[in-house]
Amino acid sequence: MTKRGRRLIGVGIGAIMLSLAAFLTLRGLSGSVTYFYVPSDLSTGAAQGRLIRLGGLVEAGSTKREGSDLIFVVTDGAARAQVRFAGEPPDLFRENQGVVAEGRLRPDGVFVAERVLAKHDESYMPPEVAKALQAKGVWRGPTKVAP
Amino acid sequence: MIAEIGAFLFALGLVASCVQAVLGLRAGARADGAAASAAAAQVASVAFASAFVLLVICFARSDFSVAAVAANSHSAKPMVYKIAATWGHHEGSMALWCVISSLAGLALASFRGGLTAPMWSAALGVQGLVTLAAAAYTLLLSNPFARLAAAPLEGAGLNPLLQDPALALHPPMLYLGYVGLSVPFSLAVGALWTRSFGPEVAQAIRPWALLAWSALTLGIGLGSYWAYYELGWGGAWFWDPVENASFLPWLIGTALLHSAIVTARRGSMMGWTLLLAIAGFGCSLLGTFLVRSGVLSSVHAFAVDPARGVAVLAMFAGAVGGALALFAWRAPLLPAPAGFVVLSREGALAFNNFGLAICTGIVLIGTLYPLAAEAVSGRALSVGAPFFNSTFGPLAGLVLLVAPFGPLLAWRRGDARAAVQVLLWAGIGAVLALGLGLAFRGGAAAALGLGVGTWMALGTLAYLWRRAGPGPGKTVRLLGAPLAVWALAAAHFGAGVLTIGAVAQASFRFEHSVSLAPGEAVQFAGRGLRLLRVESIEGPNYDAQRAVFSVSAGAREQSLHAERRRYWTSDSPTTEVGILSGLWGDFYVALGEPAPGAQGQLGVRLYFNPFIAWMFGGIAMIGCGGALALLSLVRVGQRKRVALGQVAAVP
């Protein structure tokens with residue numbers, strides 16, 4: 001095979017791999033990213049049925065058990081959303097503290113969480129939650145959040 | 001006084017690395033004075049190392065007048081963790097960064113290898129710059145020796161989750177990897193600076209890439225293992241930004257150590273190898289930025305400081321931008337690409353490199369996309385496992401599909417037909433694994449993943465089989481094979497085993513949450529789990545609730561216990577999981593909150609993690625492969641020097 005032909009094969013393989021990667025990445029970014037919501041955003045209905053992350057504060061006194069399910073209310077000061085989670089909450093789950101739940105909104109308005117995210121650090125607040133709470137004016141934390 | 005002496009030594013190290021940088025780069029241009037730069041590198045490393053030892057002493061003595069000790073240690077902690085706390089937080093880990101970077105400078109100053117004098121001294125100079133930047137950042141923005149005006153009586157304690165043997169070792173290993181990649185970077189920039197483009201540059205890069213990469217492998221493995229048994233989430237890898245931050249330099253490092261082989265052996269792909277060396281350290285800095293700045297929402301997030309993030313970003317921009325500008329400047333002088341046959345060892349390695357670069361790009365895009373999307377649309381979002389599984393998965397699969405051919409093809413022109421014959425049995429095994437994956441209803445992607453992993457592992461065994469040659473005496477010949485053969489086999493076999501473990505873990509894991517009272521039992525994953533009793537125990541600096549279970553599989557009874565610990569210095573409870581490990585999977589028990597309302601009931605999370613031991617075993621094998629390859633390079637180098645008469649031959 002000529003040098004030119006070999007180069008063509010190489011370039012061809014590279015181009016095929018690159019376009020495969022580009023295709024998969026674009027498909028992934030349009031289909032399998034998880035948007036972040038606070039309870040106020042849920043009323044629009046846009047989040048219905050999609051996998052989303054819901055963040056806010058766990059409302060004081062809202063945590064209860066129903067069978068093996070954990071029920072709690074996430075609030076952003078303006079709106080509340082009931083969350084049902086079939087499992088054990090992570091170690092740093094606390095009332096009046098920030099929480100991020102990943103799951104889907106049911107038509108009846110209950111958010112069914114598949115995952116409740118834990119943090120390593122008790123003073124840490126997820127940036128989206130902090131930002132959303134600041135926007136709603138219910139943020140009481142000591143630190144400003146990076147832009 | 002100790003802290004002040006430490007700070008002074010640290011400042012001395014900073015000045016010495018400044019001298020090392022200036023003299024090294026000047027000598028690089030003028031070809032004299034390299035020895036002075038090497039001497040400065042020695043001073044810097046001694047200064048940083050002694051400063052760090054003094055910092056360790058502050059921690060060991062629980063000197064709470066030092067801010068970092070007060071914030072991160074506690075007098076009730078066991079001594080091992082007091083010492084580990086030295087690098088278990090931001091300030092101390094930056095000090096460790098400086099120590100490793102300066103020690104790398106010392107090693108570079110001590111072993112010149114086949115490098116020309118100007119190039120060697122320029123690399124020393126760049127390494128000095130790297131140390132200088134890190135030391136300036138540490139002293140100005142995160143001084144570990146800073147004193148408090150009023151010393152508290154007691155420290156705030158290290159985050160209890162970090163009080164763990166794997167995590168005491170995780171940061172030093174990871175940093176050895178991150179900072180170790182600064183040496184290939186320095187060598188690459190030194191080569192560009194002095195226009196040295198001979199194979200000896202790649203030869204010099206190889207051991208450093210291997211050392212950094214092996215340390216990174218073990219560091220990631222330890223971190224992932226820790227996350228597995230300490231966090232109580234059941235999994236070991238979550239495609240979280242902080243995890244990706246360590247995965248990016250690992251991927252580039254993998255590509256680099258393969259391309260450096262081609263450049264060292266065949267002299268081709270010089271520019272690409274230099275680019276990878278630059279990109280590798282760039283990824284280390286980017287990873288540090290992502291972890292420390294807190295720009296990305298991560299489940300692993302640490303308390304962060306935006307000012308530090310800006311400084312690290314500036315370092316990243318300076319290092320990568322400067323190096324790439326230099327690369328563009330020198331690009332016309334690079335040796336012209338020689339071109340090679342697709343079906344050859346270098347062809348396979350080029351494919352591997354291209355594939356790994358694309359994989360890195362995908363992980364990078366997935367990690368940074370939330371930042372870009374939020375800046376553009378104002379919507380917060382996150383990119384998780386589904387994205388990476390559907391994009392990184394197929395591309396990594398392609399790389400693994402081609403990998404077994406590499407060692408079977410000869411340099412220049414490989415015999416594809418012979419390679420296919422050798423790999424025939426591996427192919428049959430892979431198809432069987434694929435069938436098994438489908439039979440267990442894991443879905444097509446999982447089945448393909450299992451097939452590819454099996455192909456990689458068996459393909460490596462097939463390579464060993466062929467290496468052993470025809471006829472009897474295979475074992476003897478194999479045992480006498482060069483270390484490099486075993487290094488390759490261990491790393492590639494490990495990659496296959498890791499793939500099988502990771503795919504099984506992602507696709508066949510199952511979990512169950514249940515509430516148990518003492519005496520109650522539950523069936524899970526073919527075993528019966530009975531809660532025997534719940535007891536209160538007290539550790540050195542915590543008290544805990546311990547649940548004792550008995551697990552029965554058939555007639556066999558095993559005891560298992562899990563704990564919820566409450567450290568006295570921290571409000572948050574932590575989980576100590578109970579794990580019954582097995583070759584086919586782990587039976588994993590984590591305790592939850594005591595169920596409110598129901599008296600005596602205990603929330604229990606159960607997981608079955610299939611093949612997870614394969615995952616960690618595979619990582620360990622890859623790390624061993626890296627270490628063996630490094631050993632082989634050192635031995636070959638020694639033999640060469642003996643042959644050249646530079647070292648007295650051992651009789």
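**Entry 1. Confidence**

I began with residues 647-651 of chain B, where pLDDT stays under 50. For this stretch I noted three contacts beyond four places in sequence. The model is a predicted one, and I therefore looked up the overall confidence next. Chain B has a mean pLDDT of 88, and 94% of the residues in chain B reach 70 or more. For the complex, I recorded an ipTM of 0.78 together with a pTM of 0.91, both given by the predictor.

**Entry 2. Domains of chain B**

I looked up how chain B is divided and found four entries: domain 1 covers 1-163, domain 2 covers 170-402, domain 3 covers 408-469 and domain 4 covers 510-610. I then took the separation of domain 1 and domain 3 of chain B, whose centres, taken over C-alpha atoms, lie 47 Å apart.

I followed up B:L432, which I located in helix 17 of chain B, residues 424-439. Is B:L432 buried or exposed? Its relative accessibility is 58%, and because the cut-off for exposed is over 50%, B:L432 counts as exposed.

**Entry 3. B:E576**

I turned to strand 7 of chain B, which spans residues 573-576 and contains B:E576. Is B:E576 buried or exposed? I read 19% relative accessibility for B:E576; buried means under 20%, so B:E576 counts as buried. I next asked which residues B:E576 is in contact with, leaving aside neighbours within four places in sequence. I listed B:E230, B:A562, B:E563 and B:R565.

**Entry 4. Chain A**

I finished with chain A, in which I recorded three helices and seven strands. In what order do the elements of chain A run from the N terminus on? I wrote the order down as α-β-α-β-β-β-β-β-β-α.

Chain A holds 147 residues, of which 48% are buried. I also looked up the contacts in chain A with a separation of 6 or more, and 50% of these are accounted for by residues 24 or more positions apart. Finally, I noted the surface: chain A exposes about 7300 Å², and carbon and sulfur atoms supply 57% of that area.

Technical notes. Residues numbered from 1 in each chain as written. Chains lettered and ligands numbered in written order. Predicted model: local features only at pLDDT ≥ 70, side-chain atom pairs only at ≥ 80, totals over all residues. Heavy atoms only, no water. Domains from an automatic or database assignment. pLDDT = per-residue confidence, 0-100. Contact = heavy atoms within 4.5 Å. Helix = DSSP H or I, 4+ residues; strand = E, 2+ residues; numbered from the N terminus. Buried < 20%, exposed > 50% of the residue type's maximum accessible area, 1.4 Å probe, protein only. Areas by Shrake-Rupley, 256 points an atom, 1.4 Å probe, with all protein chains shown as cover.
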